[in-house]
Amino acid sequence: MRFWRFVLKKFDCNCVSTRSFANAACGEGGKKKGLVLGTMEGCKVGEIKFTSAAAKFNEETGNKLLELLQGQELSLGKVKVIHNLNPDYYAVAVACAGPEGVGYNENEILDECRENIRIASGAGAKALNEIGIGVILVDAFSNAAAAAEGSTLAIWRYQDLKKQENRCTESTVDLYEDPDTEGWTRGRVRAESQNVARKLEETPANHMTPMKFAQAAIDILCPCGVQVDIRDKEWMVDKSLTAFLAMARGSCDPPLFLELSYCGGQEEDKPVLLVGKGVTFDSAGICLKVCKGMDEWKADMAGAAVIVGAMRAIAILGLPINVNALIPLMENMPGGMALKPGDVIVSLNGKTIKVENPDNEGRVILADALAYGHKLKPCLTINLATLTVGIRSALGSSATGAFSTSEVVWEELKKAGANTGDRVWRMPAWKMFSDRVTNFLCCDVDNVGSGRGGTPCLGNAFLLEFAPPVDFLHMDMTGTGMRSGGNPLYLRKGLMTGRPTRTLIQFLAQMACPLDKPSEC
């Protein structure tokens, strides 16, 4: 039996390895400097209300800023870029955060104040980044953490495979004249961790094989004090992860199994268990997908990527909680040994699985990971996966579909989504769906299920057959976790989103520190 273990002693760190992974910002010498300032919509048409930082800047310019904005119709997310206003700045971007005085919107399940700040700060930072400004200072608006998130997410691009001379400007963002540096730092850590997930998802599949994903996890997490164990095929055979191994047979790249461990709580505290789908490319196996658009399925490991990003953040933030994560890594390819529709295999917990559709490989490999998770004795299991295209049809990119066996867990998750702007929507986990994946003569569980419709619910029901006997939360992120359509504005269109990394971080923070009050907006 062999496995590799990579672990560094826990210490306070900035995770230096993520500089190349999350921000890729070179030295600031010689870069143009820009400033993002905020406005809000007043009660009257055309009325401009400055944030406190913008009002002060306007005074320093002798009201020139206000004069230049007169007659401009600024609404949420709209930006006006002004040059030659202050010798310290190549350009100033004035971004609108929408109406004044908004807060939690119960119908939208959204803290609109925070989300509007993300949109405005992101729009301003993106506008400056696109005109070649490398150092961007950002107004805190009324919540520095939200401003850090919006601006850090908005300036991110994937251009690692371009020649240096052909790359666009890679900007850095920092807080402009506000005392809440702690809030800014928290927000930046969360956003940079989402950018880590985005880079893992965006990297082409030939550059992000199971082995390369494992190496990236080492580079990102070990400097932060997270233990990374990498197990090979021989170890999986010894542990009888036969369902996982069977699904991986079609690829020439061998599968790997990652186990991540973060110990921030007391030794006797039961851990939260995270399980993430790590299919680094999904061709659908022998039931090959249509070629057009197939390249997006390099991000079929988005669940695994989100876990890596979240583990990075909770380690840097030092959350007092114990977290274990299990990630099965493989490619789903149509090789000569690939599973055929109708094949029956045996899972780690002894249940037989009929693989009616090899394109539903994710739930099969997660079955073994969840069954293996029993030995960790968790207090809560959270599964993250791009599991079904049905959830994309149902919710689009508006929210991640969530299935929870606990009302308390669901309420905390909903609260986390409202706070981060990356919302979740509860889907039914009824017994009828369990019946539809288990009532078969030839097998214990079917990886498609019977009847018509309800595919996301059937996927969750399948996973429940293997999950540890504790509260269970499954997040189906096919609609939110892959390629962005440009909404929200601070996630650049055409790039992978890294969602719902910040919602998972916020949820774990709420669990770890239930008495903490969120920063005011």
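Okay, a quick definition to start: helices (H or I, at least four residues) and strands (E, at least two) are DSSP runs, numbered from the N terminus. What we have here is a predicted model, where local features need pLDDT of at least 70, side-chain atom pairs count only at pLDDT 80 or more, and totals for chains, interfaces and linings use all residues. Residues are numbered from 1 along each chain as its sequence is written, and side-chain values use heavy atoms, with hydrogens and water left out.

So, the UniProt record. Its unreviewed entry puts "domain: Peptidase M17 leucyl aminopeptidase N-terminal" at residues 49-164. That span is 38% helix and 25% strand, and its end C-alpha atoms sit 41 Å apart. The unreviewed entry also lists "domain: Cytosol aminopeptidase" at residues 195-505. Here the end C-alpha atoms are 13 Å apart, with 33% helix and 21% strand. Bear in mind that UniProt positions are in the numbering used here, feature names are shortened, and annotations may be inferred rather than shown by experiment.

Now the domain assignment, with bounds that come from an automatic or database source. It gives domain 1 as 33-179 and domain 2 as 199-512, and their C-alpha centres lie 35 Å apart.

How do the two meet? Counting contact as heavy atoms within 4.5 Å, 25 residues of domain 1 touch 19 residues of domain 2. Together the domains bury about 2,000 Å², 60% of it on carbon and sulfur atoms; buried area is the accessible area (1.4 Å probe) that two parts lose on being put together, summed over both. Ile109, Trp156 and Tyr158 supply 31% of what domain 1 buries against domain 2, more than any other three residues.

On to salt bridges, meaning a side-chain nitrogen of Lys or Arg within 4 Å of a carboxyl oxygen of Asp or Glu. The structure holds 28 of them. One pairs Glu108 with Arg423 (3.1 Å, N to O). Those two are 315 residues apart in the chain: Glu108 is in the loop between strand 6 (104-105) and strand 7, and Arg423 is in the loop between helix 13 (407-420) and strand 19 (424-426). Another joins the side chains of Glu130 and Arg492 (3.0 Å, N to O).

Across the domain interface, the rule finds four salt bridges. Which elements give two or more residues to domain 1's side of it? They are strand 7 (110-111), helix 4 (112-129) and helix 5 (144-154), and helix 4 gives the largest share, eight residues.
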